Amino acid sequence: MVTYRSHSYGISLMAAAALLLLAPAGATFAAEQPWKRHVVWEGGRTNTAVGGDFTGDGLPDVVCTTGGVTRLLIAPTWHSISLDSSNQRNAIHAEVFDVDQDGDLDYIGAQYQPGNVFWLETPAKPLEQKWKVRTVDDQIVGVHGLLKGDVDGDGRQELIANSAQPLGPFPSSAVFLKVPKDPHSAAAWDRFVFAQRDAAGLSHYFGFGDVNGDGLPDIALAAKGGNQAESTADAWFAWWEAPHDPKAGPWTKHLIADHLGGATNIQQADVDGDGRTDFIATRGHGRGVMWFQNVAPTTSNGAPATWKLHEIDPQILEPHSLQVADFDGDGDLDAATCAYGDRVCAWYENDGRGRFTKHVVATDQAAYDLRAVDMDVDGDLDLLVAGQASENVVWFANPRK
């Protein structure tokens with residue numbers, strides 16, 4: 001089992017109460033029900049793919065970027081339309097929501113370096129009219145992850161993004177970006193820094209949700225470390241505590257664990273059903289899927305929790321993606337990943353108490369990005385995979401009945 005430490009930045013450490021182990025190291029394996037594979041697109045390395053009904057026909061379409069071309073793949077035949085062919089907008093990650101509040105979904109993408117976050121406005125006739133490209137932010141560098149969430153509680157989505165490189169005006173930082181009043185004419189979105197130069201180590205992907213029970217959504221993040229990091233401590237999982245006014249700050253960083261090389265993904269989840277927020281995480285540039293149990297509750301004044309690490313799948317190589325959702329419909333939160341090292345896509349069934357069973361969805365499939373989307377509109381969540389080394393986009397149908 002990996003060793004770890006629990007402490008915070010700017011807040012003193014509280015002693016934690018010890019609880020019994022809820023899960024054994026590793027995962028058990030069960031007989032598999034097949035997830036049917038559907039090919040959406042083949043022909044090039046694809047770092048990110050998102051699903052949503054962009055055409056208004058009730059079926060989820062797919063937008064992906066490969067070879068510098070952003071494509072709309074139209075369900076159910078997956079006919080391809082080029083939306084943007086600029087190499088400067090070859091997205092490493094993406095999000096989707098209604099940016100301009102006109103009733104349809106828009107696409108948001110991020111270029112890693114030079115930093116460039118952009119959005120494509122879905123026109124009234126998406127299959128006939130040009131999708132206009134507009135800037136979200138061009139000052140943050142090393143944008144690896146995007147995540148939507150209502151950060152400031154105004155009922156509208158904000159965009160969470162990182163400035164992972166130690167470069168530019170916001171080095172080793174993370175921000176949330178607020179849609180301006182008129183996103184069609186604004187030069188950029190309003191930027192609010194919540195991780196002020198305290199996210200060194202090449203951060204990757206976010207989690208969003210209330211960690212300390214004060215009713216305010218907090219933000220989690222992971223950093224892989226490596227050659228460009230300043231020290232081995234720059235490989236970590238952490239969360240930032242939201243202040244009463246998220247736009248005014250300051251946000252307080254709390255370290256969950258460090259010296260975990262290759263850390264990439266982390267998401268909030270009540271894994272064991274005790275009403276406290278835990279975390280599910282992966283080391284996408286290393287090995288392992290794991291969860292961190294909240295064994296000492298946080299308080300509204302920012303006192304940190306003590307976190308107990310439980311291995312879910314310690315051997316899986318380079319699980320550079322994570323989705324946390326109820327895949328089997330039993331009311332608790334499960335996890336899914338697709339590993340580009342092992343070329344295995346799997347989901348992990350939670351028994352509601354933090355004990356996980358591994359189910360293999362597919363082999364010989366690599367991924368950089370994975371999304372939980374009801375692709376066949378049958379009421380359960382399927383898995384949409386952006387195949388990086390596999391050079392494809394595929395989705396796997398959830399066999400749950």
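**First stop: a loop residue**

Select Glu391, which is partly exposed at a relative accessible area of 42%. (Buried means under 20% relative accessible area, exposed over 50%, and partly exposed in between, with a 1.4 Å probe and protein chains only.) Glu391 sits in the loop between strand E29 (382–387) and strand E30 (392–397). Check its backbone: phi is positive, about 55°, although Glu391 is not a glycine.

A word on ground rules: residues are numbered from 1 along each chain as its sequence is written, and side-chain values use heavy atoms, with hydrogens and water left out. This is a predicted model, where local features need pLDDT of at least 70 and side-chain atom pairs count only at pLDDT 80 or more, while totals for chains, interfaces and linings use all residues.

**Another positive phi**

Jump to Gln101, in the loop between strand E8 (93–97) and strand E9. Phi of Gln101 is near 55°, again positive in a residue other than glycine. Is Gln101 buried or exposed? Gln101 counts as exposed, at 51% relative accessibility.

**Zoom out**

Color by secondary structure and you'll find zero helices and 30 strands in the protein chain. (Helices, H or I of at least four residues, and strands, E of at least two, are DSSP runs numbered from the N terminus.) Buried residues make up 59% of the 401 residues.

Now color by pLDDT, the predictor's confidence in each residue from 0 to 100. The chain averages 90, and 89% of the residues score at least 70. Over residues 1–30, though, the pLDDT is below 50; beyond near neighbours in sequence, that stretch has 82 contacts in the model. (Contact means heavy atoms within 4.5 Å.)

**An open sheet**

Select strands E4 through E7. These four strands form an open sheet in the order E4-E5-E6-E7, with antiparallel pairing. (Two strands pair if DSSP finds at least two bridges between them.) Strand E4 (48–52) and strand E7 (79–84) stand at the edges with a single partner strand each, so one side of each is left without a neighbour in the sheet. Five bridges join E4 to strand E5 (residues 61–66); for one of them, pick Gly52, whose bridge partner in E5 is Asp61.

**Into the core**

Next, show side chains for Ile160, Phe194, Phe206, Leu221, Trp236, Trp240 and Trp251. They have the most contacts inside the largest nonpolar core, which has 18 residues. (Such a core is a set of buried Ala, Val, Leu, Ile, Met, Phe, Trp, Tyr and Cys residues joined through side-chain atoms within 4.5 Å.) Strands E14 (173–178), E15 (190–195), E17 (218–223) and E18 (236–241) each supply at least two residues of this core. Center on Phe206: residues that it touches include Leu147, Ile160, Phe194, Leu221 and Ile266.

**Two cis peptide bonds**

Pro114 is in the loop between strand E9 (106–111) and strand E10 (116–121). The bond from Gly249 to Pro250 is cis too, with omega near -5°, and Pro250 lies in the loop between E18 and strand E19 (252–258).

**Last stop: a buried glycine**

Finish on Gly352, in the loop between strand E26 (344–350) and strand E27 (356–363). Gly352 is buried, with a relative accessible area of 19%. Leaving aside neighbours within four places in sequence, Gly352 is in contact with Val271, Asp272, Gly273 and Asp332.
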